[in-house]
Amino acid sequence: MDWNEQLTHFRQRKLFDLKYGTDTANNLMKPEFKPVPNLEHGKHYMASWTKEVIHSYQFAKNLLGPSFGSYQFIDLGCGKGKACLVWRLQCLKDNIKQDVLGVDYYPPFIDIARANTKKIFGDLGHFLATGAETINYHSFECPLILYLYNPFDAVILAKVLDKLLEIPVLVIYNIPSHRTTLIHYGYKLVYVKQGDNQNEDTQIFISPNLQIKHLDIVV
Ligand SMILES: C[S@@+](CC[C@H](N)C(=O)[O-])C[C@H]1O[C@@H](n2cnc3c(N)ncnc32)[C@H](O)[C@@H]1O
């Protein structure tokens with residue numbers, strides 16, 4: 001990493017841990033994972049950039065308006081919980097009650113995510129140690145905001161999308177490597193943001209059955 005990249009890494013990852021005493025910034029590369037089902041389809045662990053989560057939160061809140069709080073937020077591939085923590089902090093700041101769930105197939109991450117949540121909020125939060133492709137999304141009985149920071153390949157993404165049929169969903173996709181799969185399932189692109197670094201590339205999609213009044217597409 002050159003000097004500029006190190007500074008950005010510090011600002012967008014390490015600073016959060018320094019401020020809150022959490023453990024999110026250290027990467028874990030694929031060869032270092034112990035075996036779990038579908039490991040071959042997953043990506044390695046890196047924490048979302050703080051400002052990227054805040055930006056997506058603000059876009060989703062403005063787009064969904066007063067119904068925002070009634071959506072279930074789920075970070076698919078939550079790792080050590082960074083996006084859940086930042087999202088929940090934003091909700092707290094705005095006095096919005098929204099359920100925030102993190103899901104990861106690698107159990108050691110879920111333990112860390114719970115410990116991180118305890119440090120900031122004094123509770124263990126909502127986390128599940130399981131594959132995103134195993135979840136019964138209909139059981140939430142409400143519309144969903146799915147947050148994906150490049151967690152897995154198109155095989156798992158398609159399995160997840162198969163399970164979402166008929167549920168109104170907003171998908172926030174940071175580093176949208178498999179965006180064509182979403183398009184294939186009829187998802188509509190409503191927001192595109194690009195930066196110099198791939199961590200600043202975010203696209204936001206809505207499912208075909210998500211009704212939004214006054215949709216101004218920002219692409
Ligand atoms: C790039 S990290 C994202 C971390 C976190 N979402 C964040 O924003 O800080 C990708 C994560 O996806 C997880 N993952 C990969 N495949 C998965 C699957 N099938 N189900 C659940 N989690 C998965 C990995 O364990 C890893 O923690």
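Biologist: How many nonpolar, polar and charged residues does the lining of the largest pocket have?

Modeller: A pocket is an open set of points on a 1 Å grid over the protein atoms alone, with protein on both sides within 12 Å along at least five of seven lines, and lining residues have an atom within 4 Å of a point. Ala, Val, Leu, Ile, Met, Phe, Trp, Tyr, Cys and Pro count as nonpolar, Asp, Glu, Lys and Arg as charged, and the others, Gly among them, as polar. Here, the lining of the largest pocket holds 16 nonpolar, eleven polar and five charged residues. The model is predicted, with local features needing pLDDT of at least 70 and side-chain atom pairs pLDDT 80 or more, whereas totals for chains, interfaces and linings use all residues. Residues are numbered from 1 along each chain as its sequence is written, and side-chain values use heavy atoms, without hydrogens and water.

Biologist: What is the volume of the largest pocket, and which elements give two or more residues to its lining?

Modeller: A volume is the space filled by probe spheres set on grid points joined across faces, edges and corners; for the largest pocket it is about 470 Å³. Among its 32 lining residues, Lys-43, His-44, Tyr-149, Asn-150 and Pro-151 are the closest to the centre. Helices (H or I, at least four residues) and strands (E, at least two) are DSSP runs, numbered from the N terminus. Two or more lining residues come from each of α3, β2 (100-104) and β4.

Biologist: Which residues around the ligand are the closest?

Modeller: A residue is near a molecule if one of its heavy atoms lies within 4 Å of it. The ligand is surrounded by 26 residues, with Ser-48, Asp-75, Gly-77, Asp-104 and Ala-132 the closest. This shell comprises 14 nonpolar, seven polar and five charged residues, and α3 (82-93) and β4 (144-149) each contribute at least two of its residues.

Biologist: Which backbone atom lies 2.6 Å from a nitrogen atom of the ligand?

Modeller: That distance belongs to a backbone N or O atom of Gly-77. For Tyr-105, a backbone N or O atom is 3.3 Å from a ligand nitrogen, and a polar side-chain atom of Glu-133 is 3.1 Å from a ligand nitrogen.

Biologist: How many cavities of 30 Å³ or more does a search of the whole structure find?

Modeller: In a cavity, a 1.4 Å probe fits but cannot get out. The search finds one of 30 Å³ or more. The largest cavity has a volume of about 40 Å³, and its lining has nine nonpolar, no polar and no charged residues, including Leu-76, Leu-146 and Val-171. The largest share of this lining, three residues, comes from α5.

How values were computed: Polar contact = N/O pair within 3.5 Å; in protein donor to acceptor, adjacent residues only side chain to side chain.
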